[in-house]
Amino acid sequence: MGWWQWLRKNSLLLLILLVGLILYGYRLGLVPAGVYSDEAVVGYNAYSILMTGRDEYGKLFPVYFKFFGTFTPGLFVYVQALVIRLLGLSVFSIRIISIVSMVVIAGLLAWFVYGTKLVKLSLVRELAALLLLISPWAFLQGRVGYETTFALMLLVLGIVLYRKPLWSFLFLSLSTYAGFTERYLAAMIGVLIIGIFYREKNKWKALLMPTGVALFVQIPNFILMFTPAFWVKDSSYTVNFFGQYLSYFSPANLFYRSDYQLQRSIPELAVFYGWMFVPWIVGLYCLWQRRRLPIYQFIIGLLLLSPLPAALGNVNYSTQRALPLLFPSMVIIIVGIEKIITVVKRFYLLPLGVIVLIYSLIMLYRSYFIILPAQRARAWDYGYESLALFIKQHPQTKFVIDNGRSVPYIELLFFLKYPPKRYQADNPPVHQYYSNLSFSGNSMIGNAVVRSIIWREDLCKNVVLVGDPLAISDGQVQEHHLAKVWDVRDPEGTVLLRAFQTTQWQRCQ
Amino acid sequence: MHKISLLHGIVCGVSILLIGLQIALRPRAPLFFQSKIAVIEEQRRMNDYPTYLYRLAHIIEERPESRILRQIKHNFFLLFDLSHSIDYALIFTLIGFFELIKTRSFGVMGISLLLPVIVLTILGTDQPRGNFCLYPFIALSTYYGVVAVVKKK
């Protein structure tokens, strides 16, 4: 098939992906309001790698990045460094990789469900891409500046290329360098692929080279396995495992309730729309009916394996850690939708589908672009861009910034685009990088020092104290005669951060 | 065949009885009830909309139909909240549900599942003695699920 024919055949799908790209890019730098600390730390470390070849702690080309003591697999950071090279360090540039990743995942989903004959109608193929792109789970995760979506893209590449074991195992192996969840999931999915599609002995020879390549790619992991950094987010079975595991299949959690963590959810929306419950149930039924077929066994396996890393981690219901569940869940929903279309076969399905689609888009717009920036600004660390600007405008003033409830140092580094070389020189280096799990969040950033406010000492200095209303309460302001010089409020008018000049410091002298 | 019909008949009869009891023991008129927290949250969302979208805000947040729809969603999905129940027999219940669909037992499903779901969606799920009108269906589908699994072995 020539490229022109291929283009014509896939024009609608490509159009949907293009529209998805535009939709995901809409107000990317403004919504979510603020840059979450996980985004800032990835962005700044990518910037640091680009400028100096070292991370914020001065480590030369680390495999895992220490960040806040989490030792996150670093492939995403290096990819982001390339993007920053092209677009500069900004909110847009750190989030664009996730957009592209999610659009690619949508294309892969469409290709997978149609290519494996899970669905037979080509229109359903396009619908698969569209529904994934507008699903709340994908929309939220596709507009963040950290590694989860990129890691998922690599994992999904490994899944959809199951017929080409070399590429499949390569991408699965690479995904372990992109995300924590994939570190556990990639091997399990590899075993699943072998167990379902290559169980005959005469097929094992074809797996030798792919397995060798995958293991070769894992050499850095094997070496670092003997360091504490590898096991930082070690998952272990907890008493609550079964309950946590089951929660990822609870219709209430999938179709109604938001993730309880404010930064991980869109207000008033679950990970899928409520109406998707119906095709999901129908899809599960189809899965059960056709469970003897290998491709359906594969989907069942993916469905059961995907929430395992999230359930094993001692964290209640994390839609971020369970992001791999998005792919098999969408497959089930799409299979269910096709079943409904082929069984019902009524003229009103099309207008009903259009109404449901429009309703979903309205609810997504309302929840994501109206309510989220207003109500979740604090959760997304809103306010530090304004603080960075204030600090930049007062280069002669000394600042003490409280870090009791957040990690402001990385926000300031990000928004100030602070020279990494200077930051590495001003702050103590980290020795025995992969063994040093400690993290304090205290930093020197030019004329600002980030640490807890020490009232006994700081009141005797000519400094500006910065903190949230809990760190610097109204009572303390009155008691110590502090003079307000700046504040920042969220879109609802709640004060997030305040800055006060000390006025009694001369008395100490 | 007769045994199955008898079983289905018993399940339907018990379901109807329990539905009646559930309605009789209902705590309040749930679809039209808005808690104080819901009112505050609704007002908060209204304030988040820009002024040029106030009409949309009114339709989505304040209209009685929207409030009822929200309550229906709340009641409906809390019926299927697995987070609060570690039911080790759940897999058999699900398999049994699929087996019932396969055998086209829509009559018994309509009376023992659909009707209680409709009733509980309207009444709400925070019933003083639990959502017992669903128990006959859960028992029946679990039985079917166990039979399906055992027969396969």
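The legends below describe close-up views of a predicted model.

**View 1. Packing of helix α6 against helix α18 in chain A.** Helix α6 (residues 122-134) of chain A packs on helix α18 (residues 326-344) of chain A at an angle of about 135°, and the two axes are 10 Å apart. That angle makes α6(A) oblique to α18(A), and the crossing in which α6(A) passes α18(A) is right-handed. On the side of α6(A), the contact is formed by V124(A), L127(A), A128(A), L131(A) and L132(A), while α18(A) contributes M330(A), I333(A), I334(A), I337(A) and E338(A). Of the residues in this contact between α6(A) and α18(A), 9 are nonpolar and 1 is charged, with no polar residue among them.

**View 2. The cis peptide bond between V31(A) and P32(A).** The peptide bond that leads from V31(A) to P32(A) is cis, its omega lying near 0°. P32(A) belongs to the loop that connects α2 (11-25) and α3 (37-52) of chain A.

**View 3. F67(A), a non-glycine residue with positive phi.** F67(A), although it is not a glycine, has a positive phi of about 45°, and it is located in the loop between β1 (64-65) and β2 (72-73) of chain A. F67(A) counts as buried because it has 23 C-beta neighbours inside 10 Å, where 20 or more are required.

**View 4. F71(A), in the loop between β1 and β2 of chain A.** For F71(A), a residue other than glycine, phi is likewise positive, with a value near 50°. With 25 C-beta neighbours inside 10 Å, F71(A) is therefore classed as buried.

Definitions and conventions: Residues numbered from 1 in each chain as written. Chains lettered and ligands numbered in written order. Predicted model: local features only at pLDDT ≥ 70, side-chain atom pairs only at ≥ 80, totals over all residues. Axes fitted to C-alpha atoms, helices over the stretch in contact; angles between N-to-C directions. Helix = DSSP H or I, 4+ residues; strand = E, 2+ residues; numbered from the N terminus. Parallel < 35°, antiparallel > 145°, perpendicular 65-115°, else oblique. Left-handed = near helix turned anticlockwise from the far one by under 90°. Contact = placed C-beta atoms within 7 Å. Nonpolar A, V, L, I, M, F, W, Y, C, P; charged D, E, K, R; others polar. Buried ≥ 20, exposed ≤ 12 C-beta atoms within 10 Å, placed from the backbone.
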